[in-house]
Amino acid sequence: QVQLVESGGGLVQAGGSLRLSCAASGRNVFYTMGWFRQAPGKEREFVAAISSSGQNIYYGDSVKGRFTISRDNAKSTVYLQINRVNPEDTAVYYCAADPIISGPLWQIASARGRIGSWGQGTQVTVSS
């Protein structure tokens, strides 16, 4: 497992942008990394995942076009750029990592408790 620490959340006005960061410690270079979010009263939702090389990227249907995931393996950090935020983006955003499960399977793997490592989450609140 790796240890994950998110940062960058906060209060942002609708239409604005923010970037979340997730710093990983441990042997994470070969892990797929990504993000989930959970809004109040809703199930945890897959947001994005990026392969260890950065060549393969996957997004949840609800965020395509506005969210961009990237990673810097030299810094052991994965990023989530969120543009044109809206109140529906309000949620706790969780960083995750797994050495085996590839991005397309992350939603179902999460539902089954199969994702290996999780961060503590960072709150994003969008004001209208």
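The structure holds four salt bridges, each a side-chain nitrogen of Lys or Arg within 4 Å of a carboxyl oxygen of Asp or Glu. This is a predicted model, in which local features need pLDDT of at least 70, side-chain atom pairs count only at pLDDT 80 or more, and totals for chains, interfaces and linings use all residues. Residues are numbered from 1 along each chain as its sequence is written, and side-chain values use heavy atoms, with hydrogens and water left out.

**The network**
- Salt bridges link R37, E45, R66 and D89 in a network.
- R37 pairs with E45 at 2.8 Å, N to O.
- R37 also pairs with D89, with the closest N and O atoms 2.9 Å apart.
- The R37–D89 pair ties together parts 52 residues apart in sequence, because D89 lies in the loop between β8 (77-82) and β9 (91-98) and R37 in strand β4 (residues 32-38). Strands are DSSP runs (E, at least two residues), numbered from the N terminus.

**Accessibility within the network**
- R37 is buried, at 7% relative accessible area. Buried means under 20%, exposed over 50%, and partly exposed in between (1.4 Å probe, protein chains only).
- D89 is buried as well, at 1%.
- E45 is partly exposed, with a relative accessibility of 26%.

**The D61–K64 pair**
- D61 and K64 form a salt bridge, with the closest N and O atoms 3.3 Å apart.
- D61 is exposed, at 67% relative accessible area.
- K64 is exposed too, at 52%.

Terms used:
Helix = DSSP H or I, 4+ residues; strand = E, 2+ residues; numbered from the N terminus.
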